[in-house]
Amino acid sequence: MTPLLITNARLLDPASGLDAPGALLVRDGRIASLTGAPAEGAQVLDAGGAVLCPGLVDMRAAIGEPGAEHRETIASAAAAAAAGGITTLAMLPDTDPALDDPALVEFVIRRGEATASLTICPYAAATKGCAGKELSEYGLLREAGAVAFTDGRRAIGSARTMRLSLSYARVFGAMVVQHPEEPSLAGLGAATEGELATRLGLPGIPAAAEAIMVARDIALARLTGGHVHFAHVSTGAALDLIRAAKAEGLRVTCDTAPPYFDLNETAIGDFRSYAKLSPPLRREADRLAVVAALADGTIDAIASDHQPRDADDKRLPFAQAEAGGAGLATLLGVTLARVHAGDLSLRDALALLTCRPAALLGLEAGRLAEGAPADLCLFAPERAWQVKAGALPGKAQNSPFDGRALEGRVIATFKAGRRVFG
Amino acid sequence: MSGHSFPILPTGHLLAIEGLEPPHITALLDLAESYALLNRQGKTQRDLLKGRTLINLFFEDSTRTRTSFELAGKRLGADIVNMSVSTSSVNKGETLLDTAATLNAMNTDLLVIRHAQSGAPALLAQKVDAAVINAGDGMHEHPTQALLDALTIRRHKGRLEGLVVAICGDITHSRVARSNIHLLSAMGARLRVIGPPTLIPAECARLGVEVHHDMRAGLDGADVVMMLRLQRERMNAGLVPSPREFFRFFGLDAAKLRAAKPDAIVMHPGPMNRGIEIDSAVADDPQRSVIGEQVEMGVAVRMAVLDVLARDLRRNA
């Protein structure tokens, strides 16, 4: 492959702190140089001053394959990811069948490799069938390539099972990722409990359902010495608990997703099922608490929380509609809205999308370093566009951000030096 | 009949009370009042909806409301079809939009829908050309019930403004309570809700009501006492320990009613659970109970709503 020299770029590597105009040379699929030295015979790409950063690492996304290919396939998700600047993706295991067998984990990794644009790092099911009862084979699943353990959209409800999971996963150097929601309080709830749900006559989920599970699992992390990671944290009360647990030195980390710092519960408006998510959108005070926790470092990563749904899943009365939003194509743009608003520096925002999730998952990805794979994202931070459900890349069109105007768009995505988008 | 310069239902549907302004509500009540008079005189207006098709689409069992809409439509001359879709056969609401497509193909003019899911009529209204009337959706709203309740109150008290209205029982699961709260507070009444905390929805006070957990305190000085039906499944869900405990503390009997004003009226949207939320002696007391009149006003209110929406259809035709 001809070497590629990307010139006139703003090189931004959150891991090393590099943020300077320059050029990056790609040779044999790897970053050969960051010094801007001219390279004989290289193809030159003028970035026009755009930001060149590591390809994004999305630490939480569901894909319909296997089992729900009508919603999304690994190939269609890879196309959406490439358009969103994502080159590494940790895939949830609550597929059909669930990823609770080493052969299934290997299958998913191979399917990711076949896209040649996206590295898929599967989570394995924390319990067999993601049913919350018996632990799956953590050792064998780790050997097969699973990055961590989780039951995906389902909370590990039993305290005993969670205790066993945290203890056992520790031996294999993996974290347990929890959907922090006390199931008996969540019930069949469809929206955050409060005035809006009361007005709409929707069954509510108290915001405390999140803090209760977080409090319990922090206690279990203290008991076991295991590493618990809370996914898509959405309330100030839970973030306060996580902040305190970190200060105590426990192995407690968390991520959030763009809807929880960009939208509040009013997005469900008159029964707008595309804004029905799990956890549900919260009130404005909680959104602001998520923004504050991004800024102070309490939140370790921003994940897309991509949950593909088709029209039949969503065009139902609100309480019957499936929860979940498409998030791959909008991950960067919505995150940059916090940068433009002055809540986050560009470097900190990109760290939440690259090196910090990579570190949680134990991956080499997410940095601009000589010798590292040339997984790159080139984006124009000021370029305006509008999210249009129906015109998004990939199969899933269920964006809760439909109609949202964004600033910051991916120009090109490179996987191992090969241009896979733009 | 009435010469309003503004469209009484500007959306072309009646999906909720929330969002209606007092002049719209007053105009609907005035029109309904005139229909109540015509009904008592035995006069009909069979040309008003002539050639119009009204479909009663009921995904939940209902005798009272469906019959009331049917009578209202017939008195205005509409062609009426009743469709009952048993909830058990509804496969996760898929038939809702399938049905919508079918109804659209049949050029339905007026569509009355009752559904167990909050927001189902709003979803349907996006998909059909007909004027949609919400006849009760989940725990959300039951707009014609609130209108008929307001008309009944107005006929007895001569006004709505300044009245103290107590709504008692299972507020959480009640669409009747929500529609009444929106309507009566928009019209200047003072609303109280009374029930055990397990049956009062979160942040209920933000709807502009006083929340009480004690019947005597809540009924003190009330002009209107509105009882709600307690569904048996609420007991199965553990929200109420037993019928006898509920009746003892939250059921309306003559002793509790004494806390209200001497001329307070007693209402119930029906069907009643005698001995659970209301004592028969109160329900059947002709001096206090206006439950029968509520049913009568139901037909008049639904005639007014159909009339108003059909005018919009004529305007858009």
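Residues are numbered from 1 along each chain as its sequence is written, while chains are lettered from A and ligands numbered from 1 in the order in which they are written. Because the model is predicted, local features need pLDDT of at least 70 and side-chain atom pairs count only at pLDDT 80 or more, although totals for chains, interfaces and linings use all residues, and side-chain values use heavy atoms, with hydrogens and water left out.

**Sheets**

Helices (H or I, at least four residues) and strands (E, at least two) are DSSP runs, numbered from the N terminus, and two strands pair if DSSP finds at least two bridges between them.

- Strands of a sheet pair through backbone hydrogen bonds, in either a parallel or an antiparallel way.
- In chain B, five strands in the order E7-E6-E5-E8-E9 form an open sheet with parallel pairing.
- Strand E7 (209-212) and strand E9 (265-267) of chain B are at the edges, and each has a single partner strand, so one side of each is left without a neighbour in the sheet.
- Strand E6 (residues 190-194) of chain B runs parallel to E7(B) and is joined to it by four bridges, and B:Val193 stands opposite B:Val211 in E7(B).
- In chain A, an open sheet of three strands has the order E6-E7-E8, and its pairing is parallel.
- Strand E6 (56-61) and strand E8 (119-122) of chain A take the edge places with a single partner strand each, so one side of each has no neighbour in the sheet.
- Four bridges pair E6(A) with strand E7 (residues 86-91) of chain A in the parallel sense, and A:Val57 stands opposite A:Thr88 in E7(A).

**Two helices in contact in chain B**

- The axes of helix H1 (residues 22-41) and helix H5 (residues 143-157) of chain B come within 10 Å and cross at roughly 75°.
- That angle makes H1(B) roughly perpendicular to H5(B), because angles under 35 degrees count as roughly parallel, over 145 as roughly antiparallel, 65 to 115 as roughly perpendicular and the rest as oblique.
- The contact (heavy atoms within 4.5 Å) involves residues of H1(B) including B:Ile25, B:Leu28 and B:Arg40, and residues of H5(B) including B:Leu147, B:Leu151 and B:Arg154.
- By class, this contact of H1(B) with H5(B) has eight nonpolar, one polar and five charged residues, where Ala, Val, Leu, Ile, Met, Phe, Trp, Tyr, Cys and Pro count as nonpolar, Asp, Glu, Lys and Arg as charged, and the others, Gly among them, as polar.

**Cavities and a pocket**

On a 1 Å grid over the protein atoms alone, a cavity is a set of points where a 1.4 Å probe fits but cannot get out, and a pocket is an open set with protein on both sides within 12 Å along at least five of seven lines; lining residues have an atom within 4 Å of a point. Grid points are joined across faces, edges and corners, and a volume is the space filled by probe spheres set on the points.

- The structure holds four cavities of 30 Å³ or more, and the largest cavity has a volume of about 80 Å³.
- Of the 13 residues lining the largest cavity, the closest to its centre are A:Pro259, A:Leu277, A:Asp305, A:Gly324 and A:Gly325, and the lining as a whole divides into six nonpolar, six polar and one charged.
- The second largest cavity contains about 60 Å³ of space, and its lining residues include A:Ala80, A:His306 and A:Leu392.
- The second largest pocket contains about 400 Å³ of space, and of its 24 lining residues the closest to its centre are A:Asp270, B:Thr11, B:Leu15, B:Ala16 and B:Glu18.

- Most residues other than glycine have a negative phi, and most peptide bonds are trans.
- The peptide bond from A:Glu65 to A:Pro66 is cis, with omega near 0°, and A:Pro66 is in the loop between E6 and helix H1 (74-83) of chain A.
- The peptide bond from A:Asp96 to A:Pro97 is also cis, with omega near 0°.
- A:His232 has a positive phi, near 35°.

Terms used. Axes fitted to C-alpha atoms, helices over the stretch in contact; angles between N-to-C directions.
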